[in-house]
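Subject: Structure for you to look at

Hello,

Here is the structure I said I would pass on. My notes on what turned up in it are below the display.

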Amino acid sequence: MLGEFSLEKLIRAIEDGLILVDFDARTGHNHGTKFRFKLNKIAELYERMGDGEAAMRERFSLIQRFNPETAWYRKTYPVRSEKVDSFLSSAMLEVSRAYHSIGKKTSDAKKLQNAIEGYRLFVVSFPASVNFRDANLLLAEALFDAAAYSEAAVEYEKSAKLYPEGKER
């Protein structure tokens, strides 16, 4: 594993803010220096290594652990955080769409379930989002693609009510 280590790439990742160097700032002593990865940057590191699947899994895990429905989020941001919500809502849709696309193309039930979970979480967490209607429709489509026809029908009906009569419908 270390045979592929590149000091140049490590320095670049530190310069890009993907990795933090942790040492005792009180004394300037660096014995036991640790490198810490910013959680929201780990996926980017996987992408730089060319492992898109691992990047997607990492983003999905991050969303599951820190979304607005978790006790951690409610304790840390009792009145919500626009910055965190922006990151999470974008990541939720991005990851859910990716899982949906891959699951549909490959008939992978697990990826479709991940897409459904992500879309549902988005709809529950961000009802005021400009992407809410699209997420609800995507949820219906993912349920249909997963052969959950009864659930898909319910979500299609909800989606129809979200779109006014006219061009969009």
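**Salt bridges and overall make-up**

Lys 161 and Glu 157 form a salt bridge, with their closest N and O atoms 3.7 Å apart. Both residues belong to helix H8, where a spacing of 4 residues puts about one helical turn between them. Lys 161 counts as exposed, at 66% relative accessibility. Please keep in mind that this is a predicted model.

Helix H8, which covers residues 149–162, also holds Lys 158 and Glu 155. The side chains of these two meet in a salt bridge as well, at 3.3 Å from N to O. Lys 158 and Glu 155 are 3 residues apart, again about one helical turn. Is each partner buried or exposed, or something in between? Lys 158 is partly exposed, with a relative accessible area of 43%. Glu 155 has a relative accessibility of 8%, so it counts as buried, the cut-off for buried being under 20%.

A further pair sits in helix H3, which runs over residues 52–66. There, Arg 57 forms a salt bridge with Glu 53, and the closest N and O atoms are 3.9 Å apart. That value falls within the 4 Å limit used for a salt bridge. Arg 57 and Glu 53 are 4 residues apart, about one turn of the helix. Arg 57 is partly exposed at 44% relative accessible area, and Glu 53 is also partly exposed, at 30%.

Over the whole structure, the search finds 9 salt bridges, the pairs above among them.

As for the chain itself, it has 8 helices and 2 strands. Starting at the N terminus, the order of elements is α-β-β-α-α-α-α-α-α-α. The chain has 169 residues, and buried residues make up 35% of them. Its accessible surface comes to about 11100 Å², and carbon and sulfur atoms account for 55% of that. Among contacts with a separation of 6 or more, 42% are between residues 24 or more positions apart.

If you open the model, you could begin with helix H8, since Lys 161 and Glu 157 as well as Lys 158 and Glu 155 lie there.

Regards

Terms used
Residues are numbered from 1 along each chain as its sequence is written. This is a predicted model: local features need pLDDT of at least 70, side-chain atom pairs count only at pLDDT 80 or more; totals for chains, interfaces and linings use all residues. Side-chain values use heavy atoms; hydrogens and water are left out. Buried means under 20% relative accessible area, exposed over 50%, partly exposed in between (1.4 Å probe, protein chains only). Contact means heavy atoms within 4.5 Å. Accessible areas come from the Shrake-Rupley method with a 1.4 Å probe; for residues, only the protein chains shown count as cover.
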